[in-house]
Amino acid sequence: MATDDNDDLPQPFDAKKLEPAKKRQRSRSPSEAPRKQKRPGQRARIPDAQVASFRQRQEQREREAAEAAATRAVLAQRGINDVVREHYNAVPERGRDWRKTDSRIKGLRSLNNWVKSTIIQKFSPDEDHTPGAHEHGRDMAGAAHDLLVLDIGCGKGGDLGKWQQAPQRVGLYVGLDPADISIDQARDRYRSMGNRGGGGRGGRGGHRGRPPPRLFDGRFFIKDCFGESIEDIEIIRDVGYDLSPMGRSGFDIVSMMFCMHYAFENEQKARRMLENVSGALKKGGRFMGCIPNSNIIGERVIEFNKRMEAKAKTQSAPAKAEGTDASAGADAGASADADTDTTPTATTTAAPPKEDREEGEAEETAEWGNELYRVRFPGKTPADGIFRPPFGWKYNFYLHEAVEEVPEYVVPWEAFRALAEDYNLELQYHKRFADIWESEKDDHILGPLSERMGVRGRGRGDLLVTPEEMEVANFYVAFCFYKV
């Protein structure tokens, strides 16, 4: 039988004749009922108690977020007094031993306290006071009396010992401060002085060979002396509160150490402060204190603004150079086209570029300091360093161990002096801390006092204040006015 030779040859592949692949099906459960989902194992299940705990924590976080938002809203409406009050209430009272031994700024603390003692020693006595008269029983009838002292911004009572050792004996001390916890601590310090029999440090040679002086009568009140009148305090009315220049009653001394700058938030507070000072002082009374040095602040602000001006010029120079090159090229092309006067009829300059800052980055503002302190203005400052108007120039101040970025205000000295004259306060004394040290360090009383207070070593030894601490000290000036 004949065969076809082509049957033995490979045949062409025809994909159309292939059957589609059958889809594999999963085996079905023998049960017709729908398959139930597996419950999670014991490890995967969350106990109801834990779910409730999660829910409570979430609700707590939401409440805290809402409270924080409400707090921020309140803070935005609060005055500086609330911020300052809370800050000083929160500052711990570490004790004298810590301040003298472990504090990193113990030299600065000692110098500041010595300066305050110096002002008290120099200006608290009446003009007719005879040193030592009380001790030796030589008081002339009516020529001397116990001092009446009003301490505005008394804080924790750090100056109580200085007043106890004043040259003229203090009969009444009234301390006012807006911080309630500080007032409580001042009362505690006063009571502890009474338990020691009236002893204190920072006076004229101590009490060798004689008993310590009787402790003065101390009264303490919570009061915002920059936002309210102090006339409503009974003891102040009893002593005398009179705004007239001829008022004969009142306190001998009004002291305001390291706090008056808060009053310069606005003119109303500054005038209220001076009204309280003048109203509480008798004619011939003294208004003494320490405030930030506006001359130093002005000098630093001028330096900063000059630096920023030079920086802006440096940054704008390349842009101006590019504009000049382009203008020169255009002029050259024009001169080639026409043989005429090549002097351009008009010139243009490129606008100075903005500072090279990232989007959202804060603009640089005046700031200076060292490892112990820092001053930072949140906004623009006057190029000439003269603060006009003289109120509301806020800066943030930091001092190691003492002040944590608290807002303060510049007290432009000449504006303050002129304003004080409106309240019958005449300037008698105004000096930087460094100048006070140089002029008083060899005084026969204040020199030895500086040794006892740890400002320098014994026997007119070396100054125990570091250069960094002295830079901080020169941020302040001391002053004294007389009510005329």
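Being 3 residues apart in helix H7 (residues 180-195), Arg187 and Asp184 are separated by about one helical turn, helices being DSSP runs of H or I of at least four residues and strands runs of E of at least two, numbered from the N terminus. Arg187 forms a salt bridge with Asp184, the closest N and O atoms being 3.3 Å apart, where a salt bridge denotes a side-chain nitrogen of Lys or Arg within 4 Å of a carboxyl oxygen of Asp or Glu. Arg187 is partly exposed at a relative accessible area of 28%, as is Asp184 at 38% (buried means under 20%, exposed over 50% and partly exposed in between, with a 1.4 Å probe and protein chains only).

The model is predicted, with local features requiring pLDDT of at least 70 and side-chain atom pairs counted only at pLDDT 80 or more, whereas totals for chains, interfaces and linings use all residues. Residues are numbered from 1 along each chain as its sequence is written, and side-chain values use heavy atoms, with hydrogens and water left out.

Across the whole structure, 28 salt bridges are found. In one of them, Asp159 pairs with Lys116 at 2.9 Å between the closest N and O atoms; Asp159 lies in the loop between strand E1 (147-152) and helix H6 (160-164) and Lys116 in helix H4, so the pair ties together parts that are 43 residues apart in sequence. Both Asp159 and Lys116 are buried. A further salt bridge joins the side chains of Asp435 and Arg432 (3.1 Å, N to O), Asp435 being partly exposed at 33% relative accessibility and Arg432 likewise at 31%, while Glu367, Arg374, Arg376 and Glu405 are linked in a network of salt bridges.
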